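Welcome, and please take a moment to look over the sequence and the model below. We will then walk through it together, one group of residues at a time.

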Amino acid sequence: MLPKAPEPAKLTVVVPSKAAQYRRPLTREATFVFGLDAPVPLFAGQIAQESSWDCKVTAWDGGMGCAQFMKKTAGWLVGHLSVTGDFA
């Protein structure tokens with residue numbers, strides 16, 4: 001007789017309170033630009049790592065906003081992904 005398989009781990013997802021206000025806009029914009037398969041959790045992870053969901057922060061190296069994009073990167077995004085914003 002085979003041993004019983006272990007129970008799968010139960011994960012609890014906790015959305016930081018700072019992130020909750022950006023959940024819908026992030027999902028909407030990512031889906032608009034990248035389609036239904038947009039990697040929204042990846043983007044949320046980047047934002048959490050880069051700015052801890054403080055979208056008004058500017059880093060010492062010039063990274064700005066939630067995702068901490070540099071001016072050149074933001075400009076490239078505007079030109080190549082048809083996104084708009086005041087970061088260009």
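Glu 29 is partly exposed, because its relative accessible area is 43%. In this predicted model, the side chain of Glu 29 meets that of Arg 28 in a salt bridge, with 3.4 Å from N to O. A search of the whole structure finds 1 salt bridge, so if you are looking for such a pair, a salt bridge being a side-chain nitrogen of Lys or Arg within 4 Å of a carboxyl oxygen of Asp or Glu, this is where to look.

Let us turn to helix α2, which covers residues 23–34.

Now for the aromatic rings. The structure has 2 aromatic pairs. One of them joins Tyr 22 and Trp 53: the ring centres are 6.0 Å apart and the planes meet at 20 degrees, so this pair is stacked. The limit for stacking is an angle under 30 degrees. Trp 53, at 9% relative accessibility, counts as buried.

Phe 34 and Phe 43 also form an aromatic pair, and this one is tilted, with 5.4 Å from centre to centre and 45 degrees between the planes. Phe 34 has a relative accessible area of 43%, so it is partly exposed.

Most residues other than glycine have a negative phi. Trp 53 is not a glycine, yet its phi is positive, near 65 degrees. Gln 68 is another residue of this kind: it is not a glycine either, and its phi is positive at about 60 degrees.

Gln 68 brings us to the loop between α3 and α4, where it is found. With a relative accessible area of 12%, Gln 68 is buried, since buried means under 20%. What does its side chain reach? It comes to 3.5 Å from the backbone nitrogen of Ala 59. A polar atom of the Gln 68 side chain also lies 2.7 Å from the backbone oxygen of Gly 65. Setting aside neighbours within four places in sequence, Gln 68 is in contact with Glu 50, Ser 51, Val 57, Thr 58, Ala 59 and Gly 63.

Ser 51, one of those contacts, lies in helix α3. Its relative accessible area is 7%, so Ser 51 is buried. The side chain of Ser 51 reaches the backbone oxygen of Cys 66 at 2.7 Å. Again leaving out neighbours within four places in sequence, the contacts of Ser 51 are Val 57, Gly 65, Cys 66 and Gln 68.

Cys 66 leads us to the last stop on the tour. A disulfide is a covalent bond between the sulfur atoms of two cysteines. The structure holds 1 disulfide, formed by Cys 55 and Cys 66, and the model places their sulfur atoms 1.3 Å apart. Which hand does this disulfide have? The torsion about the S-S bond is about 40 degrees, so the disulfide is right-handed. Cys 55 and Cys 66 are 11 residues apart, and each is in the loop between α3 (40–51) and α4 (71–81). Cys 55, at 23% relative accessibility, counts as partly exposed, whereas Cys 66, at 17%, counts as buried.

Technical notes. Residues are numbered from 1 along each chain as its sequence is written. This is a predicted model: local features need pLDDT of at least 70, side-chain atom pairs count only at pLDDT 80 or more; totals for chains, interfaces and linings use all residues. Side-chain values use heavy atoms; hydrogens and water are left out. A disulfide is a pair of cysteine sulfur atoms within 2.5 Å. Helices (H or I, at least four residues) and strands (E, at least two) are DSSP runs, numbered from the N terminus. Buried means under 20% relative accessible area, exposed over 50%, partly exposed in between (1.4 Å probe, protein chains only). A polar contact is a pair of N or O atoms within 3.5 Å; within protein, one must be able to donate a hydrogen and the other to accept it, and residues adjacent in sequence count only if both atoms are side-chain atoms. Contact means heavy atoms within 4.5 Å. The expected span of a helix is 1.5 Å times one less than its number of residues. Rings of Phe, Tyr and Trp (its six-membered ring) pair if their centres lie within 6.5 Å; planes under 30 degrees apart count as stacked, over 60 as edge-to-face and the rest as tilted.
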